[in-house]
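Dear colleague,

I am handing over the structure below. My notes on what was found in it follow.

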Amino acid sequence: MLTVQGIPAFDDNYIWSIRTNGGTDVVLVDPGDAEPVIATLHAQGLTPRAILVTHHHGDHTGGIDELVAHYGLPVYGPAREHIPHRSHPLGEGDTVPLPELGTTLRVMDVPGHTRGHIAFHRAGDALGPPMLFCGDTLFTGGCGRLFEGTPAQMQGALQRIRALPDDTLVYCAHEYTEANLGFARIAEPHNTAIIERLAAVRTARRQGLPTVPAPLGLEKATNPFLRWDAPELIKNAEAFADRPLTTPVEIFAAVRHWKDTLDQPI
Ligand code: ZN
Ligand code: FE
């Protein structure tokens with residue numbers, strides 16, 4: 001079985017560390033800061049074998065320099081972005097063999113948050129459920145801001161993510177679920193799955209527990225950025241935009257714009 005540990009960094013980032021049950025070889029995803037990674041590896045007697053990077057932002061790449069200097073690791077990252085020490089440029093359909101973990105990841109192009117953003121997908125098998133390491137594209141309960149890409153790109157990326165199986169575990173890079181679901185409840189107030197999830201997430205956060213990963217099926221039921229065909233969400237997005245919205249891209253763009261106006265950082 002594969003184990004994925006979230007190493008907290010900065011205020012709300014997770015640096016994912018993937019290993020086999022009982023194994024000591026790990027693969028790191030989006031190491032924005034080297035210090036907590038090195039501390040965790042030391043404390044647990046683990047050896048890093050590779051770094052995977054979803055996009056170029058500093059909170060995902062800031063630790064690469066020091067980790068490469070320390071351990072001499074290969075760095076897998078998006079071909080279309082500048083990633084320090086990148087040894088393996090990746091794009092749609094590429095595979096990342098991880099022999100130390102006995103598994104292979106598949107790369108998806110998911111532009112929108114940044115122009116070249118990629119995600120790493122693992123199909124489910126005897127080693128564990130399907131997993132998606134999606135950086136700042138899909139968040140639990142939300143999605144990344146459109147810093148470089150267009151609504152059409154982001155909605156296209158999310159549509160392809162939404163087509164993955166419900167039991168896919170979503171490993172996004174930030175603990176934003178509670179704030180995201182606060183907006184989800186405003187966008188779709190009669191969706192009882194959102195109300196129930198928000199209550200559960202608040203309880204978990206009060207206890208200091210992470211709310212990431214979450215199964216994609218729960219995202220499909222509660223995340224407004226995957227629900228462009230939900231009638232109540234469409235109605236409320238049209239009220240916000242003050243015009244009829246017909247296509248999934250138009251609906252997604254209005255919901256994203258709506259959330260952007262609400263003075264939240266995400
Ligand atoms: Zn980012
Ligand atoms: Fe980030």
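**Helix α9 and the iron site**

In α9, the buried residues (under 20% relative accessible area, with exposed over 50% and partly exposed in between, using a 1.4 Å probe and protein chains only) are I251, F252, A254, V255, R256, W258 and K259. This is a predicted model, in which local features need pLDDT of at least 70, side-chain atom pairs count only at pLDDT 80 or more, and totals for chains, interfaces and linings use all residues. Residues are numbered from 1 along each chain as its sequence is written, chains are lettered from A and ligands numbered from 1 in the order in which they are written, and side-chain values use heavy atoms, without hydrogens and water.

Helices (H or I, at least four residues) and strands (E, at least two) are DSSP runs, numbered from the N terminus. The cover over the buried residues of α9 includes β12 (142-143), α4 (151-162), α5 (177-187) and α8 (231-241).

The iron ion (ligand 2) is coordinated by D59 (OD), H60 (NE2), D136 (OD) and H174 (NE2), at 2.1 to 2.3 Å. Donors are N, O and S atoms within 2.8 Å of the metal (3.2 Å for Na, K and Ca); water is not among the atoms, so sites may look incomplete. Along the chain, the donors of this iron ion have the spacing D-H-x75-D-x37-H. H60 lies in helix α2 (residues 58-61) and H174 in the loop between β13 (169-172) and α5, so the two tie together parts 114 residues apart in sequence. H60 is buried, at 0% relative accessibility, and H174 is also buried, at 4% relative accessible area.

D136 also bridges the iron ion (ligand 2) and the zinc ion (ligand 1), which lie 3.2 Å apart.

Regards

How values were computed. Contact means heavy atoms within 4.5 Å.
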